[in-house]
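Here are my notes on the model, point by point. Please read them with the structure open.

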Amino acid sequence: MDYNVLKGTHDIIDEEAYNYSYIEEILTNIAWLYDFKEYRVPVIEKSELYQRSVGEGSDIVRKEMYTFEDKGNRLITLRPEFTAGIIRSMINSKFLVTRDLPLKAFYCGPVFRYERPQLGRYRQFNQFGIEIVGSNSYLRDVECIAFGYTALKMLGFKNLELRINTLGDKFSRENYKKALVNYFSKHINEMCNDCKERLKLNPLRILDCKVLDDQEIIKGAPLMKNYLTLDSKTRFENVLEALDIMGIPYIEDDTLVRGLDYYSDTVFEFHYTSKNGNNYGAIGAGGHYSDLVKELGGPVLSGVGLSFGIERLYNILKDDNKLQKKDKIDLYIAPIGNVDINYIMSIVFDVRNNGYSCEINLESKSITSSIKKAVRANSKYLLIIGEDEMKDGIYTLKNLETQEQLDVYEPDLIKVLDALYQEEEDKYCDLTESINELKDEEDEEDEEEIEKE
Ligand code: AMP
């Protein structure tokens, strides 16, 4: 019997976990800037919730959901996406009828899809996303896209690609579907089995087929933009115009349809290819929905959402060397020889209680072992406490970056740490000040030169 992780799942440990938290923290901070409120919804929901929302014709509902019967014979599904749960929560809490609209939610957590695992594709993965529910303004779509754009910029992404399309309203889509059925019916015998099924269930999904031969056929398919109602056409033009004014670049992509059935009008995806050429697929995606809230038993209200895949963000940032190195610890304590370890443990307790991260070598009393461990733990300082030092109450504090060391009288330890960190902060401020002064001087020189020219 082996206990390896299940196919398509992965452990997120140590430095990777540290960076997931870093990514999530940046996204959360930007969500606060945009006035989103956090929603934490259950991982398990009634299967029907997803059948109704994500749609019987979607790949997710047809073959990717982790569904099981619980001990009370209820049909339960591990969430394959967040939007349905968030809307259910907004309806259950009555916030959609008691609070100012739109409601603005952000969320973060694991989702589950039984997909074929490959680069950037897992069966359990993490999403961070937002929903704006209760407004039909095209500017809410723009706000959602702007959030994604700011977030990716803050994370250090350059050369982002924002692909955008419109699926039109219900009337536009009905007309377009008819045109697609008409076109693909002539070619369907040459297409993959999935497309054969999509033609019956949701012909729009054929446009998303990744089979190369099918893509050739798809190139000749009718385009959505020629089937839009005037309302949908104007709405899309308004979205693009607002993006232009805000300086957010985009590419119009006629084949972008998204895998979830509830979308209408604006849909979009963020893409990025890392420096080493790895393409993990869309790093974030979303769109507008006009019928979902009503479909789930709520009032007639529209919404728009966006979701990022944390695994994909992490992998790309790692490829491009843009991740944070694991944080340092402040102090490593090395008890050497025959010392009163209980007493030293009380020093560790005190250091931690004063807000400094601290580790102690309880496993060995050798100085060599402690130095190695302190370096590997990325500690800034090392405090050496030997038998003689204990008698005098004076310990050696060593800066492991500069190798400078000083003697510290035990009652002063925290004060000394405070002073050392303050000194460093002052130096950093001085340095930033001189860099800024230098920049100002350079700017002035540049301006003078421009004036001369
Ligand atoms: P979706 O919910 O399908 O709109 O996906 C939103 C985002 O989640 C995508 O842009 C990806 O970044 C991420 N994502 C979707 N499916 C997977 C998967 N199987 N593994 C990892 N990330 C995924």
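1. In strand β10, G287 is the bridge partner of V267. Strands β9 (residues 266–271) and β10 (residues 284–289) pair in the antiparallel sense over 4 bridges. Strands here are DSSP runs (E, at least two residues), and helices are runs of H or I with at least four, both numbered from the N terminus. Two strands pair if DSSP finds at least two bridges between them.

2. A word on the basis. This is a predicted model: local features need pLDDT of at least 70, side-chain atom pairs count only at pLDDT 80 or more, and totals for chains, interfaces and linings use all residues. Residues are numbered from 1 along each chain as its sequence is written, and side-chain values use heavy atoms, with hydrogens and water left out.

3. The sheet around that pair is open and has 8 strands, in the order β1-β5-β6-β11-β10-β9-β7-β8, with mixed pairing. At its edges stand β1 (37–38) and β8 (251–252); each has a single partner strand, so one side of each is left without a neighbour in the sheet. Helix α1 (residues 14–33) packs on the sheet and touches β5 (103–112), β6 (124–133) and β11 (303–309). Contact means heavy atoms within 4.5 Å. The direction of α1 makes about 0 degrees with that of β6. Axes are lines fitted to C-alpha atoms, for helices over the stretch in contact, and angles run from 0 to 180 degrees between N-to-C directions.

4. A further open sheet has 3 strands in the order β2-β4-β3, with antiparallel pairing. Its edge strands are β2 (44–46) and β3 (67–69), each pairing on one side only. Neighbouring strands are turned by 40 degrees against each other on average, direction ignored. β2 and β4 (residues 75–78) pair over 3 bridges. In β4, I76 is the bridge partner of K46.

5. Which residues have the most contacts inside the largest nonpolar core? They are I86, I87, M90, L96, F184, M191 and L207, in a core of 52 residues. Helix α4 (residues 83–92) gives the most to this core, with 5 residues. Apart from it lies another core, of 46 residues, among them I26, F270, V304 and L317. A nonpolar core is a set of buried Ala, Val, Leu, Ile, Met, Phe, Trp, Tyr and Cys residues joined through side-chain atoms within 4.5 Å.

6. α4 is mostly covered, with 9 of its 10 residues buried. Buried means under 20% relative accessible area, exposed over 50%, and partly exposed in between (1.4 Å probe, protein chains only). K94 follows α4 and has a positive phi, near 65 degrees.

7. The ligand is surrounded by 16 residues, and the closest are R113, E115, Y122, R258 and A282. The cut-off is a heavy atom within 4 Å. A polar side-chain atom of Q127 lies 3.1 Å from a ligand oxygen atom. Polar backbone atoms also take part: G309 is 3.2 Å from an oxygen atom of the ligand, and G120 is 3.4 Å from a nitrogen atom of the ligand.

8. Last, two single residues. S379 is in strand β14 (residues 379–385) and counts as buried because its relative accessibility is 5%. K325 sits in the loop between α12 (310–319) and β12 (329–335). At 63% relative accessibility, K325 counts as exposed.

Note on methods: Polar contact = N/O pair within 3.5 Å; in protein donor to acceptor, adjacent residues only side chain to side chain.
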